[in-house]
Amino acid sequence: FGTRAEVHVERLASPKVLGPLSSCDLVFGCTDDEFGRVVLSRLAYWYLIGVFDVGVKLRSRSGQLSGIDARMTYIAPGEPCLLCRNRVDLRRASEEMLNPVERQALVEEGYAQGLADPDPAVVAYTTMIASIAVASMLERLFGFKNPELQSELVFGIHDWRVVQRDVAPREGHFCADCSSWGLGDQTPRLGMA
């Protein structure tokens, strides 16, 4: 098919990554960091791109695993962003933007969480939710399912529960203000200082 893969070992907000991403029709996000989710949220509106964001979250109580949740969220103009859905921890996102020396100083002072903790292996669950995101994309492209698709599904894997969740964008937020949609290339990039 002439498919070409590009690998960029850079932060998502890097111009080397944002440039190629801004020309995509669809983006699948599976970042483990909060700042990456902020960037993906804004990318969808600035460049009028559909973004499928997936994630897996483990919960524990008293050192024991108490729950596994997998989430698939479709972000695009007309849908609420990840921030309006409370899917991004903005404090952690700002900590992730710091350089390693600044971040470590804040961790040592008790003002920031340690960010270098190893992540547990959840490949079976990320594979499952990624497959669901691809199925959602196909449904949206070819319309063989209800046209009023939910833009977010949360799967409680530990208890086999599925929740369809739809929320409204916050008033005045970039995802609710169509005058901020399709701004494309600008300085600062994605309207982020």
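1. Buried denotes a relative accessible area under 20%, exposed over 50%, and partly exposed the range in between, with a 1.4 Å probe and protein chains only. At 0% relative accessibility, Arg-85 therefore counts as buried. The model is predicted, so that local features need pLDDT of at least 70 and side-chain atom pairs count only at pLDDT 80 or more, while totals for chains, interfaces and linings use all residues. Residues are numbered from 1 along each chain as its sequence is written, and side-chain values use heavy atoms, with hydrogens and water left out.

2. Arg-85 forms a salt bridge (a side-chain nitrogen of Lys or Arg within 4 Å of a carboxyl oxygen of Asp or Glu) with Glu-152, the closest N and O atoms being 3.9 Å apart. This pair links distant parts of the chain, 67 residues apart: Arg-85 is in the loop between β3 and α3 (90-96), and Glu-152 is in strand β4 (residues 152-156). Helices (H or I, at least four residues) and strands (E, at least two) are DSSP runs numbered from the N terminus. Glu-152 is also buried, because its relative accessible area is 0%.

3. A further salt bridge joins Asp-53 to Arg-71, with the closest N and O atoms 2.8 Å apart. Here too the pair links distant parts of the chain, Asp-53 in strand β2 (residues 50-61) and Arg-71 in strand β3, 18 residues apart. Both Asp-53 and Arg-71 are buried.

4. Thr-73 lies in strand β3 (residues 64-75) and counts as buried because its relative accessibility is 0%. The side chain of Thr-73 makes a polar contact with that of Arg-71 at 2.7 Å. A polar contact is a pair of N or O atoms within 3.5 Å; within protein, one must be able to donate a hydrogen and the other to accept it, and residues adjacent in sequence count only if both atoms are side-chain atoms. Not counting residues up to four places away in sequence, Thr-73 touches (heavy atoms within 4.5 Å) Val-51, Phe-52, Asp-53, Leu-82, Arg-85, Ser-151 and Glu-152.

5. The structure holds 9 salt bridges. One of them pairs Glu-6 with Arg-4, the closest N and O atoms being 3.2 Å apart. Glu-6 is partly exposed, with a relative accessible area of 42%, whereas Arg-4 is exposed, at 66%. Arg-59, Asp-69, Asp-159 and Arg-161 are linked in a network of salt bridges.

6. The largest nonpolar core has 25 residues, of which Val-27, Leu-43, Tyr-45, Val-51, Ile-75, Cys-81 and Phe-174 touch the most other members. Such a core is a set of buried Ala, Val, Leu, Ile, Met, Phe, Trp, Tyr and Cys residues joined through side-chain atoms within 4.5 Å. Helices α1 (15-22) and α2 (34-46) each supply at least two residues of this core, and the largest share, 8 residues, comes from α2. Apart from this core lies another, of 13 residues, among them Ala-70, Ala-133, Met-137 and Phe-155.

7. Phe-28, Val-134, Leu-138, Leu-141, Phe-142 and Phe-144 make a nonpolar surface patch of about 610 Å². Patches are made of residues with over 30% relative accessible area and no salt bridge, like charges being joined within 9 Å and nonpolar side chains (Val, Leu, Ile, Met, Phe, Trp, Tyr) within 5 Å; accessible areas come from the Shrake-Rupley method with a 1.4 Å probe, and for residues only the protein chains shown count as cover. Helix α5 (residues 123-142) gives the most to the patch, with 4 residues. Val-134 lies in helix α5 and is partly exposed, with a relative accessible area of 36%.
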